[in-house]
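Keep the viewer open, and turn the view as each topic comes up.

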Amino acid sequence: MNAPYPFTALVGQDDLRLALLLNAVSPAVGGVLVRGEKGTAKSTAVRALAALLPDVDVVPGCRFSCDPLAPDAECPDGPHDAAGAAARAARMVELPVGASEDRLVGALDIERALAEGVKAFEPGLLADAHRGILYVDEVNLLHDHLVDLLLDAAAMGASYVEREGVSVRHAARFLLVGTMNPEEGELRPQLLDRFGLTVEVAASREPDQRVEVVKRRLAYDADPAGFAARWADEEHAVRARIVAARALLPSVRLGDGVLRQIAATCAAFEVDGMRADIVMARTATALAAWAGRDEVTAEDVRQAALLALPHRRRRNPFDAPGLDEDKLDETLEEFGPDPSQAEGDGPEDDPDPDGPGGGGPGGVPPQGDGGDQGEGSRVPPQAPAPESGTEQGEQPAPSGTDSDSDTGSGTGSAEQGPAAAAEPFRTKLLSVPGTGAGAAGRRSRARTDHGRTTGARRPQGALTKLHLAATVQAAAPHQQARGRSGRGLVVRRDDLRQAVREGREGNLVLFVVDASGSMAARQRMSAVKGAVLSLLLDAYQRRDKVGLVTFRGAGAEVALPPTSSVDAAAARLEALPTGGRTPLAAGLLTAHEVLRVERLRDPVRRPLVVLVTDGRATGGRSAGAGEPVAQALRAAGLFAAASIASVTVDCESGPVRLGLAGAVAQGLGGTVVTLDELRADIIAGLVKDVQNVNRHERRAA
């Protein structure tokens, strides 16, 4: 096995290195979420950190790595006597994206529990990671219920496994590190808040630094052991510094003045709840210990804010993480100590300002490429905001001619610039009919591992969810033949029944958006973008994948292939220009091809096509008047033949409506709704009005 890449040999990424080291000093900080583009040493840094952690003493033979000096009283392998201890290296355990719940938390043998009355427990990854590192690559692609279990265990320091009344608890304290590429989808704000710190990483744009990265990597690949040996002294120094900081941590003083700065900073940036205050306090304390000081300074608070607050300021997926450093400095200055009390807090107090994670007071790294936490750091695109003082459909008209005339034989309107989206709104639920079996989500009915129990079946493979009533019913007729004599039920493997559960799945929502000249008329595109943006927000909340196909002018294009990144779709929508003819058939054919390819990649995820159009179809100069419409209807028939669920959003407006979108929806075999009918608040209002009328009628009777 090759020696791991040395942590001290990493080039740049100062914030990433500092955040990892602070969690090594104080695991109570709550872990690190590393956000950034691919190829930025995220995984390399985490694996390198594991080699720096001090060895741990464990009880010999304990599968749960109990500390001999303080063994877990509820350890499934306990009770442990006081004799004996074995030292081993701290583990780094990786959680794969496709891991099951049993693989994460452990599995109970239900058959032995029922038949023999014993708790036969097979530990999971949480037990393996106890007193070490749990690393989750692509944490944003992990199923939500697994992320919830993971973060609950990290917060409580213990894991609980319960199956049909049989429960097991064991300690699970670990340094949690998650990495993600925002282009592949975001984590929910509620889950983001559970990570103590977050850092944004990006590849350096400085040629000299990039050259150094390549040189070191090539040297490591050529001779891993020799390369590691050249960095052994630096690695030993950092390991010793971690041990010293851990020893100093309990004696670090967190004064009332510093606590007031922390509270004022969290209040100024309007973060939700109190977790941010607690994490900032723990981070600032760890920063002081890492710098070798016994008191927290204002600079520690500033660095703690840059690491602990950016991801907690997001309110929806279209908000960009980040922190206004000018506002941060103003807040710290306003609530800071008197200048006479701030003496002695300079860089000279840091025993090793140039060490790993150092470079300034409190171990603050220099703000450079790959580590900047300020406004200049890489952030996901924001959704467009409506112009001040305008409502949906009231944005100023874009330049160009009214393009309703593109239904004739003219050339259609010229291309116009992107229209601003109207205010997003809460949409009604659009779902796929029937019952699927796709990835867990919140849109359509599906057979899932979580949800309400709808039946029972014989297990296929290992039993995971026992249907107790069905198991007893299957075993009851055979009790006399099996020689039952006591009160206990004699259960055999053939009696076991798996619970069949129904929950919700996430779907592939493919938006097919008409961006032709007719959609630009009377500022209709602003309302359309607002509607699609609302549907994108709904897709984010329901854990869907999304894709975007647009059509205008001479043809159609895939503006965004199917992805989990809703904010990427919002950015493409924002930049969408309008104008030209309406090649509706080309848009439908392109969407059909996208779904065909995606079905090969993800066959269990059911698609939902959302066609946003006024139903008008136009062709080239030589096309007959009815030919484009006929082509569009033939293309729509492909979706109906494949039983692909669809919803057509009719964008036609004005006193005279042709109802062309309804004909297309009928050809698709789906439903049609208007922009107004898409609003959930209008639907809720109609239901409320009907309820009020019924109530008045009952009173009158």
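Which helices and strands each supply at least two residues of the lining of the second largest pocket? In this predicted model, they are helix H1 (14-25), helix H6, strand E10 (175-180) and helix H12 (275-290). That pocket holds about 890 Å³ of space. It is lined by 39 residues, and those closest to its centre are Pro27, Ala28, Arg173, Phe174 and Leu175.

Now turn to the largest pocket, with about 1400 Å³ of space. Its lining has 49 residues, of which His143, Asp144, His145, Ala439 and Ala440 lie closest to the centre. Five elements each give at least two residues to this lining: helix H3 (101-105), helix H6 (144-156), strand E12 (440-448), strand E14 (498-505) and helix H17 (524-541). Strand E14 gives the most, with 6 residues.

The linings can be set side by side by residue class:

| Pocket | Volume | Lining residues by class |
|---|---|---|
| Largest pocket | about 1400 Å³ | 15 nonpolar, 15 polar, 19 charged |
| Second largest pocket | about 890 Å³ | 23 nonpolar, 7 polar, 9 charged |

Strands of a sheet pair through backbone hydrogen bonds, either parallel or antiparallel. Here, 6 bridges join E12 to E14, and the two run antiparallel. To find a spot on this pairing, look for Thr448, which stands opposite Arg501 in E14.

**A buried strand**

How many of the residues of strand E11 are buried? The count is 5 of the 5, across residues 197-201, so the strand is largely enclosed by the rest of the structure. Leu197, Val199 and Val201 point one way from E11, while Thr198 and Glu200 point the other way. Both sets are buried, the charged residue Glu200 included.

Strand E11 has a partner in strand E1 (residues 32-36): 5 bridges join the two, which run parallel. Within this pair, Arg35 stands opposite Glu200 in E11.

**Backbone details worth a look**

Most residues other than glycine have a negative phi, and most peptide bonds are trans.

Start with Gly78 and Pro79, which are joined by a cis peptide bond with omega of about 0°. Pro79 is in the loop between strand E2 (56-58) and strand E3 (86-88). The loop between E2 and E3 is also the place of Ser65. Ser65 is not a glycine, yet its phi is positive, at about 55°. With a relative accessible area of 2%, Ser65 is buried.

Arg131 is another residue that is not a glycine but has a positive phi, here about 70°. Look for Arg131 in the loop between helix H5 (125-128) and strand E7 (133-136). Is Arg131 buried or partly exposed? Its relative accessibility is 23%, so Arg131 counts as partly exposed; the cut-off for buried is under 20%.

**A cysteine in a helix**

If you keep an eye on cysteines, go to Cys266 in helix H11 (residues 256-268). Cys266 counts as buried because its relative accessibility is 3%. Leaving aside neighbours within four places in sequence, Cys266 is in contact with Val271, Ala276, Asp277, Met280 and Leu309. One of these, Asp277, is 11 residues from Cys266 in sequence and 6.4 Å away in space, C-alpha to C-alpha.

**The protein as a whole**

Stepping back, the protein has 22 helices and 20 strands. Of its 701 residues, 50% count as buried. Among contacts with a separation of 6 or more, 80% are between residues 24 or more positions apart.

Notes: Residues are numbered from 1 along each chain as its sequence is written. This is a predicted model: local features need pLDDT of at least 70, side-chain atom pairs count only at pLDDT 80 or more; totals for chains, interfaces and linings use all residues. Side-chain values use heavy atoms; hydrogens and water are left out. On a 1 Å grid over the protein atoms alone, a cavity is a set of points where a 1.4 Å probe fits but cannot get out, and a pocket is an open set with protein on both sides within 12 Å along at least five of seven lines; lining residues have an atom within 4 Å of a point. Grid points are joined across faces, edges and corners, and a volume is the space filled by probe spheres set on the points. Helices (H or I, at least four residues) and strands (E, at least two) are DSSP runs, numbered from the N terminus. Two strands pair if DSSP finds at least two bridges between them. Buried means under 20% relative accessible area, exposed over 50%, partly exposed in between (1.4 Å probe, protein chains only). Contact means heavy atoms within 4.5 Å.
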